[in-house]
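Thanks for coming. I'll go through a few local features of one structure, starting once it is on the screen.

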Amino acid sequence: MTTTEPDIRPATTPRPLLHDPGYRLLVTATAVSKLGSSISYLAIPLVAVVALRSTAGQVGLLATLSTLAFLLIGLPSGAWVDRMRRRPVMIAADLLRAALLLSVPAAWALGVLTIGQLYVVVLLSGAATVFYDVAALSHLPHLIGRDRLAPANSLLVTVDAAAQIGGRGVGGLLIGLLSAPAAIVADAASYLCSALCLARIRRPEPAPEPTERGRLLADIREGVRFVFGHPSLSAVAVAGACTNLSIQLCQTVLPLLLVRELALPGFAVGLFFAAGAAGVLLGSLSARALARRLGAGRVLRLLGPAVAPFGLLLAVADRGPALWAAAGGWLVTTFKVGVHNVLLVTFRQSATPDRLLGRMNATMRLVLTGSLAVGAALAGLLGELLSVRAALWAGALGLALAWVPVNCSPLRRLREIPGL
């Protein structure tokens with residue numbers, strides 16, 4: 001007669017995220033590509049200004065084309081991504097961006113670079129970025145599991161913020177040592193490295209659910225209805241749009257105020273904006289701890305009104321102590337952005353079924369990126385018709401009120417988000 005021994009092995013606990021080889025490769029890919037993108041953020045406009053001697057209107061059009069793809073193909077990209085495996089989409093987008101960027105220094109070296117080529121490069125690179133971003137946000141729940149979305153998003157937002165802080169400094173150094181066209185090679189190399197890291201992820205990705213042909217418009221409508229028919233997701237979209245519009249208002253006119261009206265040197269402007277990136281970094285690092293201690297809903301409900309007065313300090317920026325106060329207000333305001341980037345992105349992913357992830361993320365991207373375009377245009381309009389200070393006041397007031405949609409939604413009663 002045999003007896004069965006009781007299983008007295010301790011319950012297994014999930015491995016730390018960075019012990020997961022797939023997630024570690026994803027973080028590496030994100031880090032290198034974000035670092036490279038920060039270099040091109042400076043290098044491409046400088047190629048237009050220095051190498052091609054472009055006019056202000058041409059440089060403005062270049063900036064517009066870099067985000068136009070989000071408005072043109074933002075919604076269809078989500079429906080297409082939901083019909084495909086996500087990781088191959090990300091790899092293809094990285095390879096396309098690398099090839100497009102490498103064409104710039106190649107044409108410059110041959111003496112055939114034109115502003116028209118830069119227009120095509122930024123427009124097509126933007127289209128590839130649309131697909132990459134939608135696919136990446138939709139792939140993450142499968143890669144690490146929905147129960148670990150919060151720490152996964154926290155680290156990715158932290159990596160993004162750190163790349164913004166360091167990448168633009170590295171970009172400035174490379175441009176100074178080499179040239180703007182040569183510095184773009186570093187961004188292209190970062191996309192190749194990202195594609196290699198993604199290709200090394202071994203976790204199989206399930207095939208998407210089959211869909212009927214000719215249903216593209218119906219699929220797009222289903223994604224839009226899902227977001228704006230959901231009381232919490234619609235609040236996330238409206239609050240994010242208000243925040244992005246207001247931040248873009250401020251970011252567009254702040255250089256004019258700081259350089260032209262306050263006569264501050266360039267490095268001071270750089271430090272001012274670095275304070276904003278530092279705020280996002282600190283917020284992303286603090287989000288999970290705050291949510292565990294206070295509850296996700298309470299953090300979302302209390303943080304917005306608490307931070308609101310600090311946004312108004314931007315509008316009173318001046319030389320002396322007022323400048324320090326404005327920089328501090330900018331840091332505190334972007335701290336809230338960092339917290340929201342972790343909590344609300346995690347909520348979006350956890351509240352959406354797998355088959356709708358691409359369309360939900362595409363709808364959100366369209367709303368959030370469209371608000372950036374509107375904010376930039378509104379900043380120019382207010383600056384021309386009224387004054388730079390008036391445009392800054394409009395942005396500061398928008399930041400002070402951006403918490404209202406979240407506090408008027410069911411999110412204020414949210415106890416926890418899966419994975420926190």
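First, a term: a residue is buried under 20% relative accessible area, exposed over 50% and partly exposed in between, with a 1.4 Å probe and protein chains only. This is a predicted model, where local features need pLDDT of at least 70, side-chain atom pairs count only at pLDDT 80 or more, and totals for chains, interfaces and linings use all residues. Residues are numbered from 1 along each chain as its sequence is written, and side-chain values use heavy atoms, with hydrogens and water left out.

Trp80 is partly exposed, because its relative accessibility is 33%. Now the rings: those of Phe, Tyr and Trp (its six-membered ring) pair if their centres lie within 6.5 Å, and planes under 30 degrees apart count as stacked, over 60 as edge-to-face, the rest as tilted. That rule gives one aromatic pair. Trp80 and Phe131 make up this stacked pair, at 6.0 Å centre to centre and 15° between the planes. The two are 51 residues apart and link distant parts of the chain, with Trp80 in helix α2 (residues 56-81) and Phe131 in helix α4 (residues 115-144). Helices here are DSSP runs (H or I, at least four residues), numbered from the N terminus.

Next, a loop. Thr352 sits between α11 (321-350) and α12 (357-385). Is Thr352 buried or exposed? Thr352 counts as buried because its relative accessibility is 2%. Contact means heavy atoms within 4.5 Å. Leaving out residues up to four places away in sequence, Thr352 touches Arg146, Phe226, Leu233, Leu357 and Met360.
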